[in-house]
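Student: I have just been handed a new structure and would like a friendly tour. Could we go through it by question and answer?

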Amino acid sequence: MNDVDKRNSYQGTVREDNDPRRYFIDWIDNSDNPKILDVGCACGDFAVSLKNEKPCEIWGMEYNEKSIEVAKATGGFVDVFLVDLNKLDVEDFSDFCGFFDYIVFGDVLEHMLEPQFVVEQFKAFLKKNGFFLISLPNVAHASIKANLLLNNFDYTELGLLDRTHVRFFTYKTICSFLSDLKLDIVDCKCTFIWPTGFQKNNPFIRLSGYMKRYILRDRHSYVCQYVLKCSIDSGAAYGKNLDKLSLISVPNRFLQQAFRYVFPRSLRAVINFVTLLLPKKIRHRGKARCVSSIISDDCSSQKRIAVHFHLFYADTCKYFYDNLKNLAGVDYDLFVSTPCPELVNEITTALPGARVSIVENRGYDIGAFIEFINKINLFNYDFVLKIHTKSISGCSLTLNNGKDIDRSCWRDLLVENLIGSPKIIEQNIGILKNNDDIGMIGARDLIFHDDYWLDGIRDILNKIGIPYEFETNTFIAGSMFLVKSKLLQPLKNIYSIKDFVPSKINVNHGTLAHSVERLLGTLIIAQGYKIHGCDYSRVIKFIKNRSNWVLKRKRLEDRAIVKIFNRILFEKKYFPLRKEICLFGMLKFSFNTSRKNIQKLFANMLTGKSDFFVEELRDNYIREEKDAKLIAYYLPQFYRFKENDEWHGKGFTEWTNVTKSLPLYVGHYQPHLPLNGFYHLNLDTMKEQAELAQKYGIYGFCFYYYWFSGTKIMEKPILELLNCQEIDIPFMICWTNENWNKKWDGTTNELLMEQRLEDDDGERFFHDILPFFNDRRYIRVNDCPVLMIYQSSFFPKEKLEKFIKDIRNLSKLNGFKDLYITTSNLEHNPLDYGIDAIMEFPPHGMKLLKKFRTKKVIQNSRYNVYDLKDYVKNKKFLYDSNYRVFKCVFPGWDNSPRRAKLGCVIYDNGNPSLYKEWLMECIKYTNETHPVGDRIIMINAWNEWAEGAHLEPDRKFGYAYLQATREALEESRNL
């Protein structure tokens, strides 16, 4: 891509939405023919759009000669100058000093080696009341964060990681950048792009659900560019409007998309129900507002803190060390200053990670705090916590309520009301975070109002450009507090520690340290914020009197386990297993495992997501002629019908089995729960299933067809599919010719319907399924409709041969070439039965299996666990045969939801990666042994939820198995 093409790709026509140049045009006043300098004007598209909308005079600067030729030819510029901004000499353009009303930097500064120097130079060209219009890309966009989490930082031709970018900006670095330039934000906007919007296979979709929620809770993760209108500060407290950048409003369309990531599924269901009560026109806003209410300015729910701890009284260190450890659950940096070099090793041992500096004890703790403010970048933090050692000897102190206390109580009030426990810290952070009008927090009884050293405070405020006319000071005695960091910015570089000496400023002012101590509170009031007084005396008293806490802790943990069991087992859907698990102090008699393993077992059951979890892809699979045809077995047992209500209880469906399942050993994945909620099988559901299947490369479905000598069960879904031509997915029938018994509900093998093969069943069966054969979507091999007979060995050979002969003859009489008949894992040669081929149906026929030994958790369960990884890695599924075989794979197998008491089979140690490897080997085998039109591979299954064999997305793996299916198809094209 040459320079002109690249610049044009960034320019082009100004869009009406989500374009920084649109904001630039709107900000430019069309009165008095404003003069505008477009820095990095490229080929002049912005100037042309601006000129067409508003009367103005535009000059341009550009470093590329070819771009300048194109720009001049547009007629939009008075003149365009060839300039290398990295080597700009202001004297070369002395005629333009104080000349321009607006100077535009549209995605330019990120290409500069020293962007701050460049903007500083251009200040000379701006009128006194002029404005800079700046757009900067956001390197903290969700797509970049996702790349970094996956150890990627690859440059691209265009976009946020353009190869020509040499500087990178985020919300906080922009604040620091503008503050150092002494620029005020007059207005700010943002352009937004959804996290996966930059590239086809953005790594964001590969992150775990937790990481997606963590990223999307930060409003700045949606921002592509920050667009700023800035003025040169007139001498007031510069940076006062920087918080406007934190108030960006994420578009509703993004918040609605984020809804599914930010909230847990159970809470989403509640919100969805509540929003149904809203008027139809504003329903979508309900979800958006829910997400917006929890999105923060930072990714974490707690805010980043800079902690300054000044250590002078060495005899009180342990008290402060113990209290500072309560910050463990907070994102903070600890800065320790001390005049005692001999304490450095002790500090770093007691407070790992602390940054220790040797600082003189000038101005008590105040001088060290001012030195700390000068050295750090306040805009890298949301809050500043100030703590310092305090002597407990000396005279008493009178509180603001008139009560006298000794110095040890004074110290406790200061410290413990700020960091006395993790709960107190969380509460204080929440107060500052959720209240825009509160700027500082300290102990309530130590907030004083007086008029001491008032003149000195006024002098300091005037020096930093903040007028203050009040007659009293408001401050926290002892100067320990938690404060919003931006409110300390005016103090930066006003004083240094060397200014703090014991001498007097003048006879009326007292020392500088006393003035600054009172200023630290008054400064907050002067900027329009309040000081909040906290009092956690009851909490602190409870913590100090918890002598039996450790002894009670074990009992509390046991109660927590019981609470989890109650939640899981004592709901109606778990009644069938209630007798097996006895609670309330009898855990050791009900479970053959330790309490630790029980905690692991149920914690895993409730939390859910695997490292393999992925979200749904946006683009569709494009089938090629040589691709194998993947056909998934399809169970229609997800709607109510008369027989189920009679035999298994009213309302019984497959979901009944799924939801009552429990783990049988530690590490056992149960229950399998659908990612997108439980569905009722109807036409709308089937249409969604067909679209999802084809999106991931599934060619068609093989429907189980339950037929008992003319009596049909669960036929409704396939009949509805037959009558709905809109659902355009190939399908076939598997006659599930077994007896029907009560194994569905996992209780007994009681026979409900017997499977007999009558003499005239061939004719009756054929005419029942003839409408399916005539459907254009029905799957064929060699132009013959495919019929699968599930268990051909279930019938006597003579009866089966007659049945097959009858339906073949009838097919020819009805205009078909023949039928293509298959069965599952017949022990004998299928050709001897008049059957054309085998369609595998694992786990039937799987051999040479390696067995796992696991320790039972529920005593009354019966199961065998096999190693799926060993089976796949050693290719035990490949074998020689004298007949045609259509291979079959499954994502997993675990029929414990149906047969935990009757004896179940579990294939463990599998994952999407292993499944993909198995499928690719079967594709390779099929391509080598089958002609192009007959390359069929079966998958067990699309939706066998109660047998752990489902491609439909679940809460643990998401769409991982579907994505592995598609990847196996696409990658196998090169085999």
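This is a predicted model: local features need pLDDT of at least 70, side-chain atom pairs count only at pLDDT 80 or more; totals for chains, interfaces and linings use all residues.

Student: What share of the residues in the protein chain is buried?

Tutor: The protein chain has 975 residues. Its secondary structure comes to 32 helices and 37 strands. Of the residues in the chain, the buried share is 55%.

Student: Where in the protein chain is confidence highest?

Tutor: The average pLDDT of the chain is 81, and 81% of the residues score at least 70. Confidence is lowest in helix H21 (residues 587-590), with a mean of 35. At the other end, with a mean of 97, is strand S19 (residues 629-634).

Student: How many contacts beyond four places in sequence does the model have for residues 546-593?

Tutor: Take care with this stretch, where pLDDT stays under 50. Residues 235-240 also have a pLDDT below 50, and there the model shows 14 contacts beyond near neighbours in sequence. For residues 546-593, the number is 65.

Student: Which aromatic residue forms a pair with Tyr669?

Tutor: A search of the whole structure gives 73 aromatic pairs. In the one with Tyr669, the centres are 6.0 Å apart and the planes are at 80 degrees. Planes over 60 degrees apart count as edge-to-face, and that is how this pair is classed. The partner is Phe957.

Student: How many residues apart in sequence are the parts that this pair ties together?

Tutor: Tyr669 lies in the loop between helix H24 (654-660) and helix H25 (683-695). Phe957 lies in the loop between strand S37 (949-950) and helix H32 (960-971). The pair therefore ties together parts whose separation in sequence is 288 residues.

Student: Which residue has its charged end over the ring of Tyr669?

Tutor: Elsewhere, the charged end of Lys386 sits over the ring of Phe369, 5.6 Å from its centre. Over the ring of Tyr669, the charged end is 4.5 Å from the centre. That charged end belongs to Lys956.

Student: Which strands are at the edges of the open sheet of 4 strands?

Tutor: The sheet has mixed pairing, and its order is S29-S30-S34-S33. An edge strand here pairs on one side only. The two edge strands are S29 (851-852) and S33 (893-894).

Student: Which residue in S30 is the bridge partner of Lys851?

Tutor: Strands S29 and S30 (residues 863-867) run antiparallel and are joined by 2 bridges. For Lys851, the bridge partner in S30 is Tyr866.

Student: And in S34, what is the bridge partner of Asp867?

Tutor: S30 pairs with strand S34 (residues 904-908) in the parallel sense, over 5 bridges. S30 is mostly covered, with 4 of its 5 residues buried. The partner of Asp867 in S34 is Asp908.

Student: Within what arc do the buried residues of H3 fall?

Tutor: In helix H3 (residues 45-53), the buried residues include Phe46, Ala47, Ser49 and Leu50. What covers them includes helix H2 (20-27) and strand S1 (35-39). Seen down the axis, the buried residues of H3 line one face of the helix, because they fall within an arc of 165 degrees.

Key. Residues are numbered from 1 along each chain as its sequence is written. Side-chain values use heavy atoms; hydrogens and water are left out. Two strands pair if DSSP finds at least two bridges between them. pLDDT is the predictor's confidence in each residue, from 0 to 100. Contact means heavy atoms within 4.5 Å. Buried means under 20% relative accessible area, exposed over 50%, partly exposed in between (1.4 Å probe, protein chains only). Rings of Phe, Tyr and Trp (its six-membered ring) pair if their centres lie within 6.5 Å; planes under 30 degrees apart count as stacked, over 60 as edge-to-face and the rest as tilted. A charge sits over a ring if NZ of Lys or CZ of Arg is within 6 Å of the ring centre and within 35 degrees of the ring normal. The arc is that of the directions from the helix axis to the C-beta atoms.
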